[in-house]
Amino acid sequence: MFDKGMAKKAAENLKRVREKKPLVHSITNYVTMNYTADALLACGASAVMAHGEEEVEEMVSLADALVLNLGTLTEARVEAMAKAGREAGKRRIPIVLDPVGAGATNLRTRSARKFMRELSIQVIRGNPSEILSLSQLMAKPKGVESMHSVDEAGRAASELAKANHAILAVSGRVDFVTDGIRTCRVHNGSEMMGAMTGAGCTATAVIAAFLTVDSDPLEATATALCYLGVAAEKAAEVSQGPGTFKARLLDALYRMDGETLSLGAKIEIAGGKDNP
Amino acid sequence: MFDKGMAKKAAENLKRVREKKPLVHSITNYVTMNYTADALLACGASAVMAHGEEEVEEMVSLADALVLNLGTLTEARVEAMAKAGREAGKRRIPIVLDPVGAGATNLRTRSARKFMRELSIQVIRGNPSEILSLSQLMAKPKGVESMHSVDEAGRAASELAKANHAILAVSGRVDFVTDGIRTCRVHNGSEMMGAMTGAGCTATAVIAAFLTVDSDPLEATATALCYLGVAAEKAAEVSQGPGTFKARLLDALYRMDGETLSLGAKIEIAGGKDNP
Amino acid sequence: MFDKGMAKKAAENLKRVREKKPLVHSITNYVTMNYTADALLACGASAVMAHGEEEVEEMVSLADALVLNLGTLTEARVEAMAKAGREAGKRRIPIVLDPVGAGATNLRTRSARKFMRELSIQVIRGNPSEILSLSQLMAKPKGVESMHSVDEAGRAASELAKANHAILAVSGRVDFVTDGIRTCRVHNGSEMMGAMTGAGCTATAVIAAFLTVDSDPLEATATALCYLGVAAEKAAEVSQGPGTFKARLLDALYRMDGETLSLGAKIEIAGGKDNP
């Protein structure tokens, strides 16, 4: 059921991230900024957070990947993101979009669509409500939490993937990743991720790191989510609640070895010529 | 000495929060934003942090309660808070004001008073210096820490409560909560809360969640502080210092059961026709 | 090899900080703001973060020290820092500059140099790349991480110290602190500090607290770094990775006693009339 090749690739990608130590430039929300920076360091990547319009182009030119995360958005932030995104496009630096709160406010929905239209986004990761809101379907998420099933959002994701030539990742109990033709389902993770802020933002950051070492963005995305999910499983085993879980998740990302990761990986893959 | 009805109500309110999962919209400071979001999730509520002037009205319209916290304030932030606060008022969404640093700078004191004058604030929670500074008495707090006793601020709180038709909560070793007629004294808590940033901000956030499930805002406030205090006592027992305490406090909020809460509750109530 | 007088002074300075409870006003980046505030509280200092142009002068006038940290910089932030810095200068409140990302972008490098030129900076603390970038040498740091050795940056630090009448501190496996004549090398610390965000920012904050109790800024800086380093060693012993390390480091700062600190201190001092 679970793909052994993908399990092996998860371990390889993690190894490559630790060797390459990619610099991920994040223009991201104030709420989870600290945690996602810590998560990137724990993965073996390095992190720079910079959102000043005066410096984002220069900063992204030093980076290996760019994250655009729409939490705590303002118009000024949208401008900085657009600037950084255009520069990343010119330099073929991969961009990951996290449309936090898309569907909740016009500013978020409109900005997410603008970036999808104007920038070379490689991966979009969100929860079902957010992804549905991008696909022209009506969806009013309750805050940043999901009210829709991953399955319900899967079709929207596939359409968006094809239309945008991007990878769409829908987070849920089982993560759904698609390029519109091939799909991966990642069965790793822990319920504790729903009891902490920033689990989604962290997934987005780890995806960005993995994109820098794998030329197949679908597989980069799926293996990144798998790595985070296996780490979450390990962390949950030694946690007493969401506070200790957050600390232990960083520990688990940091300590993960390739064997544990590939043994724990639960990735299904379907579609494409190799996976009819 | 301690009120059994209030102890029982604390457990009931917690249960209701977990069932309702109220969305608390916080326009709050950058320092403790992450922790208060985590605390809301740990309570069973959900959290959205959004401060863009372009979207605060839309966001608050999705919310069950609004927090206005004056830490790391700027004029732009004051504008966003006023907009969100007016919209909350129209929709009868309860507002909690945390006048962080009132008395320390003109911007903070002036903004707190402006909100008290112009918005329908249901609860104001602060430390003694902050509350005193709102009552026209001179008080220069040393940063955001308290230099005045809760007792000293109690009289100011009662006057402010009457004048503003609001609940005033003064945090301290014993928390003091009043509507100007009835008063609650909450004897729960831990000294470790003074060794971490954001204990006050967290109290404010939890109050907001409790306000959404209890039509009596005095009791909502007192039971919220009691819940946080009992959780802090549990967390302190298994902590080695403020770092582990912060993690363990989230764990304790998350794991708290009704029986533990009502057994641990130490709320005094006085005043009003039932409590002469 | 290690100086006993400095070891003793580290313990004395810590005791004095706990007695004085200095208020440290930080205008600092959004990424590590929460952690550095917690670290200051754990030391026994108190912390206020405020960056609104409308209030920074008033806020710094209440403070015992000012931190200017260039992470997540914008032009508006530079203005607020300049205002606060001038007010601190007038009031002889010590200023510590942390030139995060200097060398990475023009905004950062230019702003750091502007502050060095226009303000009375008492201490500048950075990683080797950042310090090198300030000394007119070319250095493109990879994000905010260091690519240059402390030794390589030592000469630049000495020149900068002389030219700016300031203490220069270069963080690394061994921290290097100089006033251009005397130099201290602090051999305390843990590798785990490289796996968390904000270790440098935390060092800067602790230095600011120590400056308020020691009239010799070189010794204040070296003993602050020593205290943080010994705490990190203790924390690493009981950590499973960077997540638990961050929590345990706050615990260790909070619990540190003078004897443990002076026994663990590994400070070399050289130069000056007493240390030929």
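**Briefing: how the copies meet, and what chains A and C look like**

Only 3% of the interface residues of chain A are also interface residues in chain C, so the copies meet through different surfaces. The model is predicted. A rotation of 120° superposes chain A on chain C.

**Symmetry**

**Chain A as a whole**
- Chain A holds 11 helices and nine strands.
- The C-alpha atoms of chain A fill a box of roughly 45 × 40 × 35 Å along the principal axes.
- Buried residues make up 68% of the 276 in chain A.
- Among contacts in chain A with a separation of 6 or more, 71% join residues 24 or more positions apart.
- The accessible surface of chain A is about 9,600 Å², and carbon and sulfur atoms account for 48% of this surface.

**Helix H1 of chain C**
- H1(C) runs over residues 4-20, which makes 17 residues.
- From first C-alpha to last, H1(C) reaches 24 Å, close to the 24 Å expected at 1.5 Å a residue.
- At the start of H1(C), a side-chain oxygen of Asp3(C) comes within 3.0 Å of the backbone nitrogen of Gly5(C).
- After H1(C) comes Lys21(C), with a positive phi near 50°.
- The buried residues of H1(C) are Met6(C), Ala7(C), Lys9(C), Ala10(C), Ala11(C), Asn13(C), Leu14(C) and Val17(C).
- In an α-helix, residues three or four places apart point the same way, because there are 3.6 residues a turn.
- The cover over the buried residues of H1(C) includes helices H2 (33-43), H8 (199-211), H9 (217-237) and H11 (258-264) of chain C.
- Strands S8 (183-186) and S9 (267-270) of chain C are also included in that cover.

**Ser239 of chain A**
- Ser239(A) sits in the loop between helix H9 (217-237) and helix H10 (242-255) of chain A.
- Ser239(A) counts as buried because its relative accessibility is 17%, under the 20% cut-off.
- The side chain of Ser239(A) reaches the backbone nitrogen of Phe245(A) at 3.5 Å.
- Beyond its neighbours within four places in sequence, Ser239(A) is in contact with Thr244(A), Phe245(A) and Arg248(A).

Definitions and conventions. Residues are numbered from 1 along each chain as its sequence is written. Chains are lettered from A and ligands numbered from 1 in the order in which they are written. This is a predicted model: local features need pLDDT of at least 70, side-chain atom pairs count only at pLDDT 80 or more; totals for chains, interfaces and linings use all residues. Side-chain values use heavy atoms; hydrogens and water are left out. Copies are superposed by least squares on the C-alpha atoms of residues with pLDDT of at least 70 in both. Contact means heavy atoms within 4.5 Å. Helices (H or I, at least four residues) and strands (E, at least two) are DSSP runs, numbered from the N terminus. The expected span of a helix is 1.5 Å times one less than its number of residues. Buried means under 20% relative accessible area, exposed over 50%, partly exposed in between (1.4 Å probe, protein chains only). A polar contact is a pair of N or O atoms within 3.5 Å; within protein, one must be able to donate a hydrogen and the other to accept it, and residues adjacent in sequence count only if both atoms are side-chain atoms. Accessible areas come from the Shrake-Rupley method with a 1.4 Å probe; for residues, only the protein chains shown count as cover.
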